[in-house]
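I opened my notebook to look up a few backbone and packing details. Here is what I checked, entry by entry.

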Amino acid sequence: MPEVAVLMRDLRIADNPVLAGAGTDVVPLFVSDDSVHMSPNQKAYLHESLRDLDRSLRELGSSLVYRAGSFDTEVRKVVDEVRAGRVHIGRDADELSQRRVADLRASLGVPIIEHTSITVIDPHAVTPVSADYYQRFTPYHERWRTEERRPIHQLPSALRPHSVNGQPIPDPPTLGTSPQRRNGGERAARKRFDAWIDLARSYGDTRDELVDGSTSRVSEALSFGELSAVEVVDAALGHGADEFVRQVAWRDFNHQLLFHRPDLEHQGLRSDPIRWIVDDEALDAWREGRTGYPVVDAAMRQLTETGWMPNRARMITASFLTKHLLQDWRVGAEWFRAWLTDFDVANNQLGWQWVAGVGVDTNPWRMLNPTLQSRRHDPSGGYITTWVPELSAWWVDDVHDPSPESRTRSGYPPTIIDHREAVARYRDRKR
């Protein structure tokens, strides 16, 4: 009896528990549901990833069934059409994913098997003694490090062909996408990761550098499931990249938080430390990279140009919006959702909460000085001059904090707010 593998954020052949769990007589299915909000960058990346997955499945004798419509309806149609015995699906943490599986379970007459395919450790596998979930990373990490991981799943060399009709996978959209966005697909993701893994041992020393090439850039592949988080961790441990593995544990930590508290997609873990203000002019300057702080502007321009920015840059820009400009973290989180190719509900929302002081950070009043951050993590100024080219002229005296004369000659704006004034305003606001 055939089984249906519903693929969502596990778009790969290698170590895919959802596909492997369904056996050789499997119908791989992807449902494009309009209720799932995706940015143009994400849609373009997704369609490329789906095409690459379909190509891999065809090499094994099968193919990907692509359906557009209601998730529940399309899965039930395929299950009824092939008279499937079971449905396999990856367990995700966000509220929409959990609700879709619950609705499907209520409407289907066959068992649904959920697999750990998105994270290293299942979101409900590691819990404290006296609570349902961890709110602090350190004790979670201690447990996570010693938790037995699932085995690597190997697909058979051939899959049984099926006769289920699907719709053509759409062309990747171009309208509204970033000109320099990264292309999707398991093959490309694996090539990039294999090229980087030899540098992984130095990740702890370079991960906060802002110049390209310093970080793993594995986030897109993990977000779409083109790479297995378990395989990524195994490879990193084999190269002595303990600090990188710790960052993957943070990803799992965020997923377990969201799994148990789906309301965290829109609400902070802690109450807001200050009363946020509405300042559309300042918000537009932040979005467009016109704040007058070169590192902030470089990062925001990189975001819209490429659909990505380094984690350190995300922290700097998020801190600036919430602590300097006193804007609600949700406004910034939505802007990141609109552009980040690697957007992940758990990582994005909880990362913003951490910076804004409404999440798990034990120092919620932390306020980053963008100029000091710039000097520390982009000492050569190469990151700034790449994305703010008007500051690359030879007469610019200091790319981290240009003088008024340099700003005038280059057409670069003055700072939207003085840092010391921003610190005083933030302290007054929180009191």
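Entry 1, a helix pair. I note that this is a predicted model. I began with α13 and α16, which run roughly antiparallel to each other. I read the crossing angle as roughly 170°. Angles over 145 degrees count as roughly antiparallel, so the label follows. The axes of the two helices come within 11 Å. For the residue ranges, I wrote down 311-324 for α13 and 370-377 for α16.

Which residues of α13 meet α16? I found Arg312, Ile316, Phe320 and His324 on the α13 side. On the α16 side I listed Pro370, Gln373 and His377. I then sorted the residues of this contact into 3 nonpolar, 3 polar and 1 charged.

Where does aspartate 15 sit? I placed it in the loop between β1 (3-6) and α1 (17-21). Is aspartate 15 buried or exposed? Its relative accessibility is 2%, so I count aspartate 15 as buried.

I found another positive phi in a residue other than glycine: arginine 217 has a value near 55°. I located arginine 217 in the loop between α7 (203-206) and α8 (219-223). The relative accessible area of arginine 217 is 22%, so I noted this residue as partly exposed. Buried would require under 20%.

Definitions and conventions:
Residues are numbered from 1 along each chain as its sequence is written. This is a predicted model: local features need pLDDT of at least 70, side-chain atom pairs count only at pLDDT 80 or more; totals for chains, interfaces and linings use all residues. Side-chain values use heavy atoms; hydrogens and water are left out. Helices (H or I, at least four residues) and strands (E, at least two) are DSSP runs, numbered from the N terminus. Buried means under 20% relative accessible area, exposed over 50%, partly exposed in between (1.4 Å probe, protein chains only). Axes are lines fitted to C-alpha atoms, for helices over the stretch in contact, and angles run from 0 to 180 degrees between N-to-C directions. Angles under 35 degrees count as roughly parallel, over 145 as roughly antiparallel, 65 to 115 as roughly perpendicular and the rest as oblique. Contact means heavy atoms within 4.5 Å. Ala, Val, Leu, Ile, Met, Phe, Trp, Tyr, Cys and Pro count as nonpolar, Asp, Glu, Lys and Arg as charged, and the others, Gly among them, as polar.
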